[in-house]
Amino acid sequence: MSDRFDCGECKESLYGRKYIQVEDVPHCIPCYDRLYANTCQECKELITHNARELFYEDRHYHEHCFRCFRCDRSLADEPFTSQEEALLCNDCYRNEFSSKCVACDKTIMPGSKKLEYGGSAWHEDCFVCHGCEKPIGGQSFIPDKDDYYCVPCYEGRFTPRCSHCKKVLVTGGVSYKDETWHKECLVCTGCKSPLAGQPFTSQGDTPYCVKCFSSLYTQKCASCNSPITGFGEGKYVSFQDRQWHQPCFKCSHCSVSLVGSGFFPDRDQILCGDCNNDQEDQ
């Protein structure tokens, strides 16, 4: 009596029949297809053992079911693109979904490199600097209306330069006499201390901090001998060749303020009317 040779699933004899072995267990063709065949994504039928099966993104297809969703062209040996779950040949995808390059007005083919900005798209080689006309690629760029510049070209054409060192002002600039300066370049001509963020003045075109300007150029108060500047208590009284801060312009005897009042000079002193009368009576 010969040994039995049966299907591992239905136990029917496999003598004289085709079979497929799975992990050393033989299966008749119907059992193999029922247990192991994948279901076609398109027609929902089994892809039997003798059918050509195509696989894409965890989905299985009969060869004849693997077709363009729009034109029904076979995609078995054609390049294609997936839009959501629909398969499209390149022609249909290009007509329906591909962008057009705003520079050359040609279609940007699926899979080719492109650059997108502000709702527009370019071929990689078409996105060029308006200044040097070299491709910008993945470098930083700066838009100016409808033109685009690489950073060196934009800085060379549009970015202000420091009036002192002539280098590009990127951040932190200050304005002085209708010119722009780096904060660190605008310094007092006398002591070289930074002037940004503090009161300062100038002699001609030369900037000075208040302290240096006062010591070099301002008049001294005849009373306190401090400089009379345009900062803080800047108002002053002038008489002949002498000047006083307004708070310092007071009677040399009784210290009453003489601002807006009559006064009497007495050599180096100034007197109110009462003190002048007292002095005359003596």
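Predicted model: local features only at pLDDT ≥ 70, side-chain atom pairs only at ≥ 80, totals over all residues.
Visitor: Where does UniProt place the LIM zinc-binding domain feature?

Guide: The UniProt record, an unreviewed entry, puts that feature at residues 38–98, 99–160 and 219–282. Take the span 38–98: its end C-alpha atoms are 33 Å apart, and it is 11% helix and 26% strand.

Visitor: And how is the protein divided into domains?

Guide: Domain 1 covers 98–158 and domain 2 covers 231–281. Between the C-alpha centres of domain 1 and domain 2 there are 74 Å.

Visitor: Let's go to helix 1. Which of its residues are buried?

Guide: Helix 1 runs over residues 29–36, and its buried residues are I29, C31 and D33. Among the things covering them are strand 1 (19–22) and strand 2 (25–28).

Visitor: How do I read the largest nonpolar core, and which residues touch the most other members?

Guide: A nonpolar core is a set of buried nonpolar residues joined through side-chain atoms within 4.5 Å. Here the largest one has 15 residues, and F66, C68, L75 and L87 touch the most other members. Strand 3 (53–56), strand 6 (86–89) and helix 2 (90–96) each give two or more residues to this core. Strand 6 supplies the largest share, 3 residues.

Visitor: What does C68 touch?

Guide: Setting aside residues up to four places away in sequence, C68 touches R73, L75, L87, L88, C89 and C92. There's also a second, separate core of 13 residues, with Y176, C185, L195 and Y208 among them.

Visitor: I keep seeing cysteines. How many disulfides are there?

Guide: For a disulfide, two cysteine sulfur atoms have to be within 2.5 Å. The count here comes to 0 disulfides. Look at C89: its nearest cysteine sulfur belongs to C92 and is 3.5 Å away, so C89 is in no disulfide. C89 counts as buried because its relative accessibility is 1%.

Visitor: Now an arginine. Where is R59, and why does it count as buried?

Guide: R59 is in strand 4, residues 59–62. It counts as buried because its relative accessibility is 8%. Not counting residues up to four places away in sequence, R59 touches Q41, L54, S82, E84 and E85.

Visitor: Last one: how do I read aromatic rings, and how many aromatic pairs are there?

Guide: In general, you describe a pair of aromatic rings by the distance of the centres and the angle of the planes. Rings pair here if their centres lie within 6.5 Å, and the count comes to 20 aromatic pairs. If you want a cluster to look at, Y117, W122, F127, F141 and Y148 form one.

Terms used:
Residues numbered from 1 in each chain as written. Heavy atoms only, no water. UniProt positions renumbered as here; feature names shortened; annotations may be inferred. Helix = DSSP H or I, 4+ residues; strand = E, 2+ residues; numbered from the N terminus. Domains from an automatic or database assignment. Phe/Tyr/Trp six-rings, centres within 6.5 Å; stacked < 30°, edge-to-face > 60°. Buried < 20%, exposed > 50% of the residue type's maximum accessible area, 1.4 Å probe, protein only. Contact = heavy atoms within 4.5 Å.
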